[in-house]
Amino acid sequence: MELTLSKYIAFPKEFVWGCAAAAYQVEGAWNEDGKGPSIWDTFVHTPGHIANSETGDVTVDHYHRYQEDVALMKSLSLDAYRFSISWTRVLPTGTGHVNQSGLDFYDRLVDELLKHEIEPYACLFHYDLPQALQDQGGWPKRETAFAFADYAHVVSERLSDRVKVWMTHNEPWVTAMAGYGDGEHAPGIKDIPAAFKALHHLLLSHGLAAEAIRASARQPVKVGITLNLNPVHPASESKKDRDAASRMDTVLNRSTLDPLLKGTTPIQEFAIGRLLAGSLIKPGDMEKIRTLDLLGVNYYTRTVAKYDSKFPVVAAVQVHPEGREYSGMWEIYPEGIYELLMRIWNDYLRPLQAGAAPGTKMPEIMITENGIPVPDGLDFDGHVRDERRIRYLKDHIAQVHHAMDEGVPVKGYFHWSLMDNFEWAWGFSQRFGLVYVDFKTQKRTIKDSGHWFTRLIQEDGFEY
Ligand code: FCB
């Protein structure tokens, strides 16, 4: 008889459990109360960009239903909620005129969260650049970084008496590469040099915004950034594939981690980077970028890379090995979250700590997104039995715990997402929520995974 022993995975009491969401994906109310158009409004209203021509015009109507949604968060026992602020609600044309009604919405949201003892984690940018700034060149233009810092200042002045944790950007790599490189995201531009420029300006804007937030904050605050990171593995042991994986890793991971945590950039390792670096990176930029109280890690999957000379810059292509488990969008690879956390710790944070003056505060690490898209549905009795998501959660959270056991000081875990919502170019075809949403009636139903997550939070652990 085979005996399997389960073990109890226990987390510290102060570990932060939360959910994450993004303004454009959940708010709706795309043109209400003085909000200006963002590049996502323009993008979705142009045919051919989004599956089934869906839009985030209404999505899950969180703008009007935020009280019901915060009550849901409370019923799930969340400690924290990571949301993003729509730049064009606050500054409809990106700079200049401040729209008080836009700020009022976030004011109400923050108050509602605090009333329910849920810590607000505010992210200033989750892909939705003001269209007016895109019209002037967008992120490939250096001026955009300064406009972002001014916007950060306006929001911090209004909310920092209550918001203690600020994330400048969500996934600057995706903003740059999907927005300006392959064009899958707004503004839909396919221009690789522009994507490299955008990435540098996004990172610079992080540094400038961090300065602006700290200068205007009404209490001590933490300023962080959230990165999309994934381990890259070679498709075979051949030297060509191993080199391809290493180049892919440089572009995917080191292009953001090195500037933020080492103050260096690996872009000169590529011909296009060498061409740009001189004119792009001004004296003092790298020092500005290297400032972080909190590193947010978004983890979904790994990348398997194979040599292919057809592809520009990296000469590599992502492949999907047979015999693995996949979800609606990606391979399921729980060990990757452990590998990533160990790498961040060993290659970046430990050396930083070793070289720092005594008493220097090290950046904290949190998982700021992790989740799985599976085709959930309501059963005959109104339940959503999303067993695969529960398994995904257990496997990934156990790997986070494993990294903590090995000494990586992970402080929190945010699930993506609270509710099913608008998944960018995929429209409404991918459900990531702990809460099921009927997109026609807006009815919310807590899935079995949501109930499981609540027990985990209440008990600070689970049987594995
Ligand atoms: C991340 C994004 C988030 C969501 C998830 C599935 O890359 O930050 O908005 O789309 O993927």
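This note covers the ligand site and the cysteines of a predicted model.

1. Location. The ligand sits in the largest pocket.

2. Which side chains place a polar atom by a ligand oxygen? Gln-25 is one of them: an N or O atom in its side chain is 2.7 Å from an oxygen atom of the ligand. For Asn-170, a polar side-chain atom lies 2.9 Å from a ligand oxygen. Trp-424 also has a polar side-chain atom facing this check, at 3.0 Å from an oxygen atom of the ligand.

3. Ligand burial. How much of the ligand's exposed area does the protein bury? Taken alone, the ligand exposes 290 Å². The protein buries 94% of that.

4. Disulfides. A disulfide is a covalent bond between the sulfur atoms of two cysteines. The count for this model is zero disulfides. Cys-19 is in no disulfide. Its nearest cysteine sulfur belongs to Cys-123 and is 16 Å away. Cys-123 is likewise in no disulfide, and the nearest cysteine sulfur to it is that of Cys-19, 16 Å away.

5. Are Cys-19 and Cys-123 buried or exposed? Cys-19 is buried, at a relative accessible area of 0%. Cys-123 is buried too, with a relative accessible area of 1%.

Notes:
Residues numbered from 1 in each chain as written. Predicted model: local features only at pLDDT ≥ 70, side-chain atom pairs only at ≥ 80, totals over all residues. Heavy atoms only, no water. Polar contact = N/O pair within 3.5 Å; in protein donor to acceptor, adjacent residues only side chain to side chain. Areas by Shrake-Rupley, 256 points an atom, 1.4 Å probe, with all protein chains shown as cover. 1 Å grid on protein atoms, 1.4 Å probe; cavity = no way out; pocket = protein on both sides within 12 Å on 5 of 7 lines; lining within 4 Å. Sits in = over half its atoms within 2 Å of the grid points. Disulfide = S-S within 2.5 Å. Buried < 20%, exposed > 50% of the residue type's maximum accessible area, 1.4 Å probe, protein only.
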